[in-house]
Amino acid sequence: AFGDKVKVHYAGWFTDGKLFDSSYRRGEPTEFAIGQVIEGWNEGLALMSPGAKFKLTIPYDLAYGEAGRPPQIPAKSTLIFEVELIAITAKAMPYVDWSEERETISIANGITYQVLTAGEGLVGAEADSVSFDFARYDAEKKVTISSSMIGAQVGPPSNPGIPFLKPIMGEMKPGSHLLIRVPKAMDISAPAGAESVAEVTVWQLKLNSAQKFEKPVFSMPTAEQLTTTASGLQYQVLREGDADGAMPTNANKCTVHYSGWLTDGTGFDSSYERGAPATFGVTQVISGWTEGLKLMKVGAKYKFVIPGNLAYKERGSPPKIGPNATLVFVVELLNVQ
């Protein structure tokens, strides 16, 4: 369905038989959301189930239009694709109609909502960090942007890109699932007078978790508290992750809260102090982090002691981290995408 994230293998030809693109040749499938590719793909994939293999002949008006995509795709090109749908990796929330049988609740700035599922626990607005899934729909009930397209959102219970998030988080607890009507002035990317944005937009929002964080205090673990891996990385499990929590791979991005110190207790970096978690690719950090993150499940909290050869090595990271410095981190894994 529109908005679902899918993994596919494909090959594409011009009508003269010339191959112009192929995931098979690259040796790995590609992943994207239906709605983020050419219209012929959006329409064709919506007809398929995992395991299906279709040949699509796509006229130029459903591909790259009159202009094409120079220099690779000439103007007015009809394209032929062989597409294999390997998996649906994330599903968009299906549209739900507003109902007179459900109570409609009004809050600030013209926002109204109906409760699809009630939650329990910490109110989202009182948390340090929340994780939520969402979907936004246009007048034709089609998803325009969703967490299935870009991943579940993790961060403080306010977001300048979603102006209504902070007030609606005051109405939600973990497990809450709301149907929300948002006026144009509070919607995303809705500048004054923008005719392309409806006066009222429909959203769904599911609050997965709401957490308050205790800022960690430095302490050096004893040898008995640490487990040492073959590389020399040492770690202490402060909290196990969720039983069904995802574990990162090199292909993932992670959202974490963390603090880092030198072995004498000198702090040099902390997302807790900044008030917002950090998101990065598993392979975009020092090798000790890359290895350590792959030991964790979402919800876990570990302490890492990372020797210099798995951190910043001889170069260090001046002015705070010297050459071959051993580093100590507390890391909480909040999300994997």
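User: What makes a residue part of the lining of the largest pocket, and which ones lie nearest its centre?

Analyst: Happy to start there. This is a predicted model, and a residue counts as lining when it has an atom within 4 Å of a point of the pocket. By that test, 20 residues line the largest pocket, and those nearest its centre are Lys 5, Glu 31, Thr 89, Ala 90 and Gln 337. Two or more lining residues come from each of β1 (5-14), β5, β8 and α3 (147-150). With three residues, α3 gives the most.

User: How do the residues of that lining divide into nonpolar, polar and charged?

Analyst: There are seven nonpolar, six polar and seven charged residues. As for volume, the largest pocket has about 600 Å³.

User: Why is Ile 58 called buried?

Analyst: The cut-off for buried is under 20% relative accessible area. Ile 58 has 2%, so it counts as buried. The residue is found in strand β4.

User: What is Ile 58 in contact with, leaving aside its neighbours within four places in sequence?

Analyst: Contact needs heavy atoms within 4.5 Å. The partners of Ile 58 are Ile 38, Gly 40, Trp 41, Ala 63, Ser 77, Thr 78, Leu 79 and Phe 81. For a sense of scale, Met 296 is 238 residues from Ile 58 in sequence and 44 Å from it in space, C-alpha to C-alpha.

User: Why is Lys 76 called partly exposed?

Analyst: Partly exposed lies between the 20% limit for buried and the 50% limit for exposed. Lys 76 has a relative accessible area of 49%, so it is partly exposed. Lys 76 sits in the loop between β4 and β5, and its phi is positive, about 55 degrees, although it is not a glycine.

User: What makes a set of residues a nonpolar core, and which members of the largest one touch the most others?

Analyst: Its members are buried nonpolar residues joined through side-chain atoms within 4.5 Å. The largest such core has 28 residues, and those touching the most other members are Val 256, Trp 289, Leu 293, Ile 306, Leu 327, Phe 329 and Val 331. β15 (253-262), β17 (278-281), α6 (287-293), β18 and β19 each give two or more residues, and the largest share, five residues, comes from β19. A second, separate core has 22 residues, including Tyr 113, Met 186, Leu 205 and Ala 210.

User: What makes the peptide bond from Pro 70 to Pro 71 cis?

Analyst: Its omega is near 0 degrees. Pro 71 lies in the loop between β4 (53-58) and β5 (79-90). Pro 318 and Pro 319 are also joined by a cis peptide bond, with omega about 0 degrees. Pro 319 belongs to the loop between β18 (301-306) and β19 (327-336).

Methods
Residues are numbered from 1 along each chain as its sequence is written. This is a predicted model: local features need pLDDT of at least 70, side-chain atom pairs count only at pLDDT 80 or more; totals for chains, interfaces and linings use all residues. Side-chain values use heavy atoms; hydrogens and water are left out. Helices (H or I, at least four residues) and strands (E, at least two) are DSSP runs, numbered from the N terminus. Buried means under 20% relative accessible area, exposed over 50%, partly exposed in between (1.4 Å probe, protein chains only). On a 1 Å grid over the protein atoms alone, a cavity is a set of points where a 1.4 Å probe fits but cannot get out, and a pocket is an open set with protein on both sides within 12 Å along at least five of seven lines; lining residues have an atom within 4 Å of a point. Grid points are joined across faces, edges and corners, and a volume is the space filled by probe spheres set on the points. Ala, Val, Leu, Ile, Met, Phe, Trp, Tyr, Cys and Pro count as nonpolar, Asp, Glu, Lys and Arg as charged, and the others, Gly among them, as polar.
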